[in-house]
Amino acid sequence: MSVLEYLSLKPYNTFGIDACARYFCRVQTKEDMLHLIADEFQYHHKQLIIGGGSNILLCDDYDGLVIKNEITGIEKIKEDEVFVWLKSYSGTVWHDLVMYAVQHNYGGIENMALIPGTVGAAPMQNIGAYGVELKDVFVELEAIDLQTGEQHIFDKAACDFGYRHSVFKTTHKGQYFIYSVTLRLSKHPQPNVAYGDIRKTLAEWHISSPSIKELADAVMHIRRSKLPDPAVLGNAGSFFKNPEVSDALAADLLAQYPDMPHYPLPDNRVKIPAGWLIEKCGWKGKRVGHTGNHAQQALVIVNYGDASGPEIWQHAQEVQASVQKKFGILLDAEVNIVR
Ligand code: EPU
């Protein structure tokens, strides 16, 4: 395992930011990772672990060690009449795992087709799309303590999953390397078509009882039509989380904006799509210098080619300030801001 110096991270982040890593190495096995942890070198440098680099905004050169996770593979570890347990190593591309499951007719993650990133990043923020979240199928993960090399198992409760949330973003931030993730999928899938866009697409395709392959195809079709392909236009998906506000504030806003989409939550709070709020502030399709908000989905901030991390962050903060001014709601970044 060799350590490279002064490497451009442009190919390793989907925003396409040309920041430089002081040190860079690839890990391809658990042993690589354990060697790295045991090596005194790593104590002198801060570390950034990247998978697909699809949820980060690099705001500066990285004056530390960037560890690219390339530990891949999918194993069926158990099955019964009803379920199958798949263990996948954390550097596996998430969409490859979805395609593996769909090909074998294992149901549960097809609605999360084409979410960018790796399997190891999925539990970090409890990825989700079209009515399904990782926590719905999650069993456990294996993690390695980056200080001691000790190996720990985290079950679902220990991860404390919430909307785009887990302990790996808060109390355990930067503490662990996620090595593998085990999911329990169904051998008798029940497609989840609750999401309006999915029902609409399937109706257009004249499909009334979809297979999970058809469902995954519908999800891919919707995502490709709404979300920019990072290979063409740099981006990191939704830049902000959808805010959850008090029912009183939601009622106030609904009196002013009766067309505002809103989703009541079990705890009397109300989720409002950040994309709608941003669009109402006039940002949809608006370009500012080398960055701007995507024309089909205002929640996605894009890099038109030469934007720097600070330029994108500056733009995001302007978007945030305008939403706060107009609606009294402070948007929280979903993307990890790396300095
Ligand atoms: N909307 C607008 N204008 C916009 C964008 C959206 O009015 O520019 C409205 C839509 O009309 C719709 C509502 O907002 O009524 C929701 O939009 P959409 O279905 O596109 O979903 P979203 O809430 O914007 C979330 C996730 C996406 C995920 C989709 C589908 C977050 C932060 N984002 O977006 O996840 O793909 O739902 O489930 O929760 C990601 O995390 O990177 C991501 C792309």
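1. Leu-330 sits in the loop between helix H8 (309–327) and strand E20 (336–338). Helices (H or I, at least four residues) and strands (E, at least two) are DSSP runs, numbered from the N terminus. With 55% relative accessibility, Leu-330 is exposed. The classes are: buried under 20% relative accessible area, exposed over 50%, partly exposed in between (1.4 Å probe, protein chains only). The C-alpha atoms of Leu-330 and Ala-236 are separated by 20 Å, and the two residues are 94 apart along the chain.

2. Ground rules. This is a predicted model, in which local features need pLDDT of at least 70, side-chain atom pairs count only at pLDDT 80 or more, and totals for chains, interfaces and linings use all residues. Residues are numbered from 1 along each chain as its sequence is written, and side-chain values use heavy atoms, with hydrogens and water left out.

3. Overall fold. The chain holds eight helices and 20 strands. Its radius of gyration is 20 Å, close to the 20 Å that the globule rule gives for 339 residues, so the chain is as compact as a globular protein of that length. That radius is taken over C-alpha atoms, and the rule is 2.2 Å times the number of residues to the power 0.38. The C-alpha trace spans about 60 × 55 × 35 Å along its principal axes. Of the 339 residues, 49% count as buried.

4. Ligand shell. There are 23 residues around the ligand, and Tyr-130, Tyr-163, Tyr-195, Glu-279 and Ala-298 come nearest. A residue is near a molecule or strand if one of its heavy atoms lies within 4 Å of it. By class, the shell has eleven nonpolar, five polar and seven charged residues. Here Ala, Val, Leu, Ile, Met, Phe, Trp, Tyr, Cys and Pro count as nonpolar, Asp, Glu, Lys and Arg as charged, and the others, Gly among them, as polar.

5. Where the shell comes from. Helix H5 (212–226), strand E13 (234–238) and helix H7 (274–280) each supply at least two of its residues. H7 gives the largest share, three residues. Domain 2 (74–186) and domain 3 (234–338) each contribute at least three residues to the shell. The domain bounds come from an automatic or database domain assignment.

6. A backbone N or O atom of Tyr-130 lies 2.6 Å from a ligand oxygen atom. A polar backbone atom of Ser-238 is 2.9 Å from an oxygen atom of the ligand. For Lys-226, a side-chain N or O atom is 3.3 Å from a ligand oxygen. On its own the ligand has 820 Å² of accessible area, and the protein covers 83% of that. Accessible areas come from the Shrake-Rupley method with a 1.4 Å probe; for residues, only the protein chains shown count as cover.

7. Backbone check. Tyr-130 has a positive phi of about 50° and is not a glycine. It lies in the loop between E8 and strand E9 (132–133). At 11% relative accessibility, Tyr-130 is buried. Leu-114, also not a glycine, has a positive phi of about 65°. Leu-114 is in the loop between helix H2 (94–103) and strand E8 (128–129). Its relative accessibility is 23%, so Leu-114 counts as partly exposed.

8. A buried polar side chain. Asn-69 lies in strand E5 (residues 62–69). Its relative accessible area is 5%, so Asn-69 is buried. A polar contact of 2.8 Å joins its side chain to that of Ser-90.

Notes: Polar contact = N/O pair within 3.5 Å; in protein donor to acceptor, adjacent residues only side chain to side chain.
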